[in-house]
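Have the chain open in a viewer while you read. The walk goes from confidence to loops, then to helix packing.

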Amino acid sequence: MKRRDLLTAAGLGALAPAALAAPALAQSAPTVRWRLTASVPKVLDAIFGANELVAKYVSEATDGRFTIQPFAAGEIVPGLQALDAVQNGTVEVAQTPLYYYTGKDPTFACFTTMPFGLNARQQNAWFYHGGGRELQNEFLAGYNLVGFLGGNTGTQMGGWFRKEVKTLEDFKGLKFRIGGIAGQVVAKLGVVPQQIAPSDIYPSLEKGTIDACEWVGPYDDEKLGFVKVAPYYYYPGWWDGGPTMNVVVNKAKWDELPKAYQAIFEAATAYANADMLAKYDAFNPAALRRLVAQGAQLRPFPPEFLDASYKAANELYAEISAKNAIFKKVMDALIAFRNDEYLWWQVGEYPYDSYMIRARQRG
């Protein structure tokens with residue numbers, strides 16, 4: 001063999017391993033650029049940060065061929081219009097609690113959280129293994145959307161009140177910023193619910209436009225400064241037992257993605273979902289201590305308020321179910337799943353946590 005032939009053969013031999021090692025995805029992957037709009041400002045880093053995590057892992061897993069650019073509320077559209085922006089194709093994806101859109105259909109709320117519904121672990125279990133995902137996407141298909149879990153805060157606080165509330169009578173006429181379908185529940189008790197975007201809550205509370213507000217819990221509430229204008233901090237947030245931050249994608253855009261990109265996106269949202277809950281569990285204790293040091297006065301909701309709210313919630317579900325077959329189908333499935341879950345919880349989780357709380361208090 002001539003020297004030139006030897007060099008050519010050697011060159012091809014050297015290149016062959018690299019060519020064989022190149023993943024199939026890298027050889028045929030298209031370039032995809034998506035924009036994501038969120039319903040929260042960037043200062044709420046645990047929630048908005050989930051979008052940055054999704055963008056990071058999607059980009060890294062595709063060698064930068066599939067990128068997602070996250071935008072905070074108001075940078076493209078207002079926070080309460082995020083779903084509409086995906087539906088009409090202004091952006092490809094949004095991170096937004098679906099219960100913001102109960103004005104379109106109360107069924108939306110079922111896939112974020114319902115008053116006296118599922119806690120965070122139960123919400124995940126229902127979505128991934130209890131039929132929740134299938135029910136959600138069956139419903140969202142009517143809006144040209146596909147849905148994913150994008151985070152959870154865990155059980156939230158009951159909110160900040162300018163004045164102490166001790167009886168059911170104290171709630172009547174109270175102007176209360178409260179999200180989702182819970183507003184319809186407390187309205188039955190004489191509360192005047194207000195749905196206000198996160199960036200507008202503090203000024204409304206400071207000016208006295210509202211008397212009380214709920215947001216998430218200590219880690220976020222500290223950032224938003226509510227303790228400065230409403231010192232009474234109530235618990236628990238019975239309307240937010242396990243609220244999901246939903247991720248919705250324009251269905252046409254989703255269907256255009258290669259299967260590999262779809263798998264990467266879904267894996268990234270699942271990681272972000274778990275990471276957000278872990279952050280809140282890790283950061284809330286220290287934030288609560290700081291808020292108490294700043295003057296927050298912790299108060300449990302009066303038992304009569306909880307009992308009246310539970311009764312009102314069940315009445316509302318029956319009323320909506322009588323008029324909305326889709327809501328009834330989803331809510332019946334959710335309640336059946338919740339009831340089965342608590343068969344286990346009362347044997348496993350609840351006794352253990354109850355004992356540990358008592359043991360810690362004894363020292």
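**Loops, then helices**

Asn-144 is partly exposed, because its relative accessible area is 29%, a value between the 20% and 50% cut-offs. This residue sits in the loop between helix H6 (132-140) and strand E4 (145-152). Its backbone stands out: phi of Asn-144 is near 60 degrees, a positive value in a residue other than glycine.

How far can the model be trusted? It is a predicted model. The mean pLDDT of the protein chain is 92. Of its residues, 93% reach 70 or more.

Now turn to Asp-63. It too has a positive phi, about 55 degrees, although it is not a glycine. Look for Asp-63 in the loop between helix H3 (45-61) and strand E2 (66-71). Is Asp-63 buried or exposed? Its relative accessibility is 58%, so Asp-63 counts as exposed.

One more loop deserves a stop. Tyr-235 and Pro-236 are joined by a cis peptide bond, with omega about -5 degrees. Pro-236 belongs to the loop between strand E9 (232-235) and strand E10 (244-250).

Next come the helices. Two packed helices are described by the angle between their axes and the distance between the axes.

Start with helix H12 (residues 303-323) and helix H13 (residues 325-345). They pack at an angle of about 140 degrees, and their axes are 6 Å apart. H12 and H13 are therefore oblique to each other. Their crossing is left-handed. On the H12 side, the contact is made by Tyr-310, Tyr-317, Ile-320, Ser-321 and Lys-323. H13 contributes Ala-325, Phe-327, Lys-328, Met-331 and Arg-338. By class, this contact of H12 with H13 has six nonpolar, one polar and three charged residues.

H13 also packs with helix H5 (residues 120-129). Here the angle is about 125 degrees and the axes lie 11 Å apart. That makes H5 oblique to H13. The crossing of H5 and H13 is right-handed. From H5, the contact takes in Arg-121, Gln-122, Ala-125 and Trp-126. From H13 come Val-330, Ala-333, Leu-334, Phe-337, Glu-341, Tyr-342 and Trp-345. The contact of H5 with H13 divides into eight nonpolar, one polar and two charged residues.

Terms used: Residues numbered from 1 in each chain as written. Predicted model: local features only at pLDDT ≥ 70, side-chain atom pairs only at ≥ 80, totals over all residues. Heavy atoms only, no water. Axes fitted to C-alpha atoms, helices over the stretch in contact; angles between N-to-C directions. Helix = DSSP H or I, 4+ residues; strand = E, 2+ residues; numbered from the N terminus. Parallel < 35°, antiparallel > 145°, perpendicular 65-115°, else oblique. Left-handed = near helix turned anticlockwise from the far one by under 90°. Contact = heavy atoms within 4.5 Å. Nonpolar A, V, L, I, M, F, W, Y, C, P; charged D, E, K, R; others polar. pLDDT = per-residue confidence, 0-100. Buried < 20%, exposed > 50% of the residue type's maximum accessible area, 1.4 Å probe, protein only.
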